[in-house]
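Please open the model in your viewer and follow the stops below in order.

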Amino acid sequence: MSDGAAGVLAAGSLARREVVRFLRQPGRIIGALATPVLFWFLLGSGLGRSFNVEGVGEGGYLEYAFAGALAMVVLFTAIFSTITVIEDRREGFLQGVLASPAPRASVVAGKIVGATVLAVVQAGLLLILAPVTGVRVSVGGIVHALAVLTAMAGGLSGLGLVAAWWAESVQGYHAVMNLVMMPMWLLSGAVFPASGASGWMRAVMAVNPLTYGVAELRSALGASREALTAAGAPGAFSSWVMMIVFAAVMIAAGERLAGRRPGA
Amino acid sequence: MRPTPAVSVQGIGHEYGSRMALTDLTFDVAPGEFVALLGPNGCGKTTLFRILATLMRPTRGRASVLGADVGADPGAVRRRIGVTFQSPSLDGRLSVRENLMHHGHLYGLRGRELSARIDAGLEGVQLHDRSGDRVDQLSGGMRRRVEIAKSLLHEPDVLLMDEPSTGLDPAARRSLADLLAGLRRERGLTCLMTTHLMDEAEVCDRVAILDRGRLAALDAPSALKACVGGEVVTVQAEDAGGVAARIREEFGLAPQETDRGLCIADPRGHALAARLAERFGDQIRSITVSRPSLEDVFLRLTGRRFEGSGDMGG
């Protein structure tokens with residue numbers, strides 16, 4: 001078997017393991033799916049009635065917040081899936097992988113692909129629920145949304161992997177990542193549009209990689225370009241460039257880190 | 001020309017911060033040889049194990065496996081070694097078979113060949129009827145046997161084992177010894193194992209005794225025992241300290257206090273035992289004369305008793 005084929009076999013096996021482990025922990029499935037549905041419902045129906053949020057478009061706030069809920073599923077699932085790196089290290093599984101001839105790049109790729117698949121499938125399940133809740137999405141829109149979700153998940157799981165590789169404990173990782181994830185989600189256009197935000201917030205939103213994913217998700221879910229521009233969202237081209245650059249940088253950082261630091 | 005050693009350690013030194021774990025360690029293991037690294041907890045054997053398994057770089061020195069340097073060419077080393085970790089490197093949420101499948105994939109094995117190897121491997125550790133069980137539902141001893149099957153699945157030339165018999169009952173220990181002996185006969189397997197169990201070390205070709213990061217001795221068990229010489233008298237007494245002091249005073253000997261009792265190596269142990277029994281009679285619970293064990297060797301070489309009863313490696 002060539003080195004390349006062996007690397008793909010190893011990465012595929014690691015990715016598959018991530019999915020199998022996930023499916024054998026029902027708590028994780030429920031948590032990952034119920035949290036965003038709950039957030040979306042509470043935020044959407046609560047905020048939408050109490051405040052008149054400007055720039056949310058014709059569909060009303062519930063529809064606006066749907067893209068935000070999808071972004072949340074991807075954010076939480078992709079990042080927390082990489083927590084398995086810490087568990088693997090603690091349980092001793094990782095040392096067996098690192099003592100094997102599987103290239104480090106395969107180990108990292110396996111983790112990232114596994115986390116990405118889990119994140120996209122779960123966000124996809126929420127997407128299927130969309131019509132039930134009154135959000136109409138075309139077939140093209142679904143394909144578009146899945147592409148955006150995949151790009152976002154790739155970058156976010158890379159970010160999670162880098163953090164997990166350094167983290168000493170699951171608790172520490174949770175604390176740090178919550179500190180990163182909540183502002184990242186709140187300041188991405190998921191909850192309120194940039195058009196209504198203050199100057200410094202808009203600056204933070206502009207450098208937040210999640211902002212670009214959320215904008216493209218809203219576009220996939222049927223928001224018109226005019227409505228997006230009016231809400232202060234970035235354009236399609238810059239969104240894709242930013243998502244791909246973010247993913248590439250994070251995955252490369254993961255590869256570098258795993259190659260240098262033994263991590264077991 | 002001598003054949004390439006299976007494992008070669010040249011001047012390895014390692015420190016954690018300012019704590020020295022290994023000091024200038026040098027030895028070779030010949031192909032097909034079984035060598036035990038014997039030492040108490042914290043003697044540096046697990047550090048050496050991790051260096052040879054390519055999981056850690058030594059601060060100083062070089063190590064190689066079948067000619068491949070562990071630092072410069074870890075990939076080549078990893079292809080040739082099998083590693084049995086002290087805490088099993090298994091995924092508890094996967095079944096026994098799934099764990100082995102995954103391990104095979106990491107080594108480029110798949111399909112029917114992998115499946116056949118898994119069947120044979122599980123047969124070898126008497127777990128063929130448990131292949132569908134989830135690993136976290138197995139007992140500690142069974143997990144260890146899965147770990148052993150896993151480390152042999154890709155048919156390594158050199159097997160590194162860290163405390164392989166932790167958690168194994170005597171029957172499982174014997175069958176592990178048989179399994180390894182068979183692999184050595186069939187395809188010249190080399191094995192380097194860390195252990196704190198004297199009887200496990202005793203069946204190896206050579207024993208390396210590690211004491212506080214240094215190599216105290218490396219020789220065949222029989223040669224090591226011969227260097228203690230003669231016989232060992234072991235005295236058990238209620239007041240071990242008091243009896244030891246009197247033996248020192250009255251007999252001019254230096255008894256060493258161990259878990260087993262007071263040990264005195266003497267060329268004519270049985271005669272000494274008779275004299276001691278006569279002198280201390282009622283203060284002594286028992287007195288035995290035996291051929292020296294590796295424990296006595298350790299005591300002689302390091303001047304310290306061997307405290308290897310715990311299960312943690314050092």
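Domain bounds here come from an automatic or database domain assignment. With that in mind, select chain B, which is divided into domain 1 (7–222) and domain 2 (230–291); the centres of these two domains of chain B, taken over C-alpha atoms, are separated by 39 Å. This is a predicted model, in which local features need pLDDT of at least 70 and side-chain atom pairs count only at pLDDT 80 or more, while totals for chains, interfaces and linings use all residues. Residues are numbered from 1 along each chain as its sequence is written, and chains are lettered from A and ligands numbered from 1 in the order in which they are written.

Next, show the contact between the chains (C-beta atoms, placed from the backbone, within 7 Å), to which chain B gives 23 residues and chain A gives 22 residues. On the side of chain B, the elements that give two or more residues are α2 (74–80) and α3 (96–106).

Staying in chain B, select B:D162 in strand β7 (residues 158–162), strands being DSSP runs of E with at least two residues and helices runs of H or I with at least four, numbered from the N terminus. B:D162 counts as buried because 23 C-beta neighbours lie inside 10 Å, the cut-off being 20 or more other C-beta atoms within 10 Å of its own. The C-alpha atom of B:T195, 33 residues apart along the chain, is 7.0 Å from that of B:D162.

Finally, move to chain A, where A:R104, A:A105, A:V107, A:V108 and A:I112 in α6(A) meet A:I251, A:G254, A:E255, A:A258 and A:G259 in α12(A).

Notes: Two residues are in contact if their C-beta atoms, placed from the backbone, lie within 7 Å. A residue is buried if 20 or more other C-beta atoms lie within 10 Å of its own, exposed if 12 or fewer, and partly exposed in between; C-beta atoms are placed from the backbone.
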